[in-house]
Amino acid sequence: MMVGGKMMGKAEEKKITRTIRRNWKDWMFYALIVCIPVVQFCIMYLGVNFNSLIMSFQTYDVNTGVFSWNGFHNYIDFFEMLGTDRLWLTMLGNSTIAFLVAQFITKTLAIFFSYYMFKKYFGYKVLRIILFIPSIISTLVTVVVFARFVDGALPALFGMERGGLSNPDTTFFYILFYNVWIAFGPSLLVYSSSMNDVPPAVTEAAKLDGCGPFREFWNIIFPNIWSTYVVFTITTLATYFGNNLNLYSFYGPNADTKLYTFGYWLFRETELNKATMDNYPFLSAVGVCFTMILVPIVMLIRKCMLKFGPRPD
């Protein structure tokens, strides 16, 4: 056998053959492992979204069960509804409040508690367990426990006539509070991991230079977890139109319209129309419009945060 103009012996030929076979087996193993999630991604993400895009230009006949082309009528109906139905203003306000609370209250508290646990202050292990438990329990369970506590235990304890969820004036506040409470788990896990990646030598040197906890966090820890903060910000913004505030778990399809968000409205309409699919083309058009609005905003904010945000160096 000639390789590079040189004759190779049988031992070397066998060694090359074994290497080729080993590499081929490694590639086959890799292909078998990767093909399942790739196929799932193609079907459940690309296929579903492409089908939604096509459906937005169609109409559905309930009697015949046939889709037919409808042009831009679904989009026209959507923009007409924006100008006539005041429910959209309610959903815009509630969804914006939900985003601001998630971005500036939930994330701020999550970073604060993550730093507290990173510094291993008093009771940090117990605090970590308490804050992480809601994220590993079923949402329906936490909703029932929260509702019983707010509308049962609190009124009985403080002599209140009605609970916070039963009072229309305070219902939205308690819904927001519940969502802040259950969102701690994943945030604590990721932020704590990012903080633990900061080299101990850096924090020790800062301590020797007389750096206090606040300055250490602001000048050392926060710049090092900035990329993680950007990721959470982008994901929160990306779910702006999909955040239902767990309203369906609280009220099913019967939530008060004053509590509606875009995410709850979309989920409710999809759930109520799943038997006939009558309104699916219109809902697909709404989803496409929401995506077209959100994508450039998300990309712009991400670019600005990465460009002008603090850097570890």
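Author: Start with T59: its bridge partner in β4 is S68. The neighbouring residue Y60 has F67 as its bridge partner in β4. In total, four bridges join β3 (residues 58-61) to β4 (residues 66-69). The two strands run antiparallel. They count as a pair under the rule that DSSP must find at least two bridges between two strands. This is a predicted model, in which local features need pLDDT of at least 70, side-chain atom pairs count only at pLDDT 80 or more, and totals for chains, interfaces and linings use all residues. Residues are numbered from 1 along each chain as its sequence is written, and side-chain values use heavy atoms, with hydrogens and water left out.

Now look at the side chains of β3. Q58 and Y60 point to one face and are buried. Buried means under 20% relative accessible area, exposed means over 50%, and partly exposed lies in between (1.4 Å probe, protein chains only). In a regular strand, side chains alternate between the two faces of the sheet.

Next comes the turn. The hairpin of β3 and β4 has four residues between the strands. There, G65 takes a positive phi near 70°. Most residues other than glycine have a negative phi.

Two other residues have a positive phi without being glycine. K120 has a phi near 55°. K120 lies in the loop between α3 and α4 (124-136). K120 counts as exposed because its relative accessibility is 55%. M277 has a phi near 60°. M277 sits in the loop between α12 and α13. At 28% relative accessibility, M277 counts as partly exposed.

Helix α12 covers residues 262-272. Its buried residues are F262, G263, Y264, W265, L266, R268 and E269. These buried residues pack against α3 (87-118), α11 (247-251) and α13 (280-308). Contact here means heavy atoms within 4.5 Å.

What does L259 touch, not counting residues up to four places away in sequence? The list is N94, T171, F172, L247 and Y251. L259 lies in the loop between α11 and α12. L259 counts as buried because its relative accessibility is 7%.

Now step back to the whole chain. The secondary structure comes to 13 helices and four strands. Helices (H or I, at least four residues) and strands (E, at least two) are DSSP runs, numbered from the N terminus. Of the 313 residues, 35% are buried. Take contacts between residues at least 6 apart in sequence: 64% of them join residues at least 24 apart.

Last, the overall dimensions. The C-alpha atoms fill a box of roughly 90 × 70 × 40 Å along the principal axes. The radius of gyration is 27 Å, whereas a compact globule of 313 residues would have one near 20 Å. That radius is taken over C-alpha atoms, and the globule rule is 2.2 Å times the number of residues to the power 0.38. The chain exposes about 20000 Å², and carbon and sulfur atoms supply 67% of it. Those areas come from the Shrake-Rupley method with a 1.4 Å probe.
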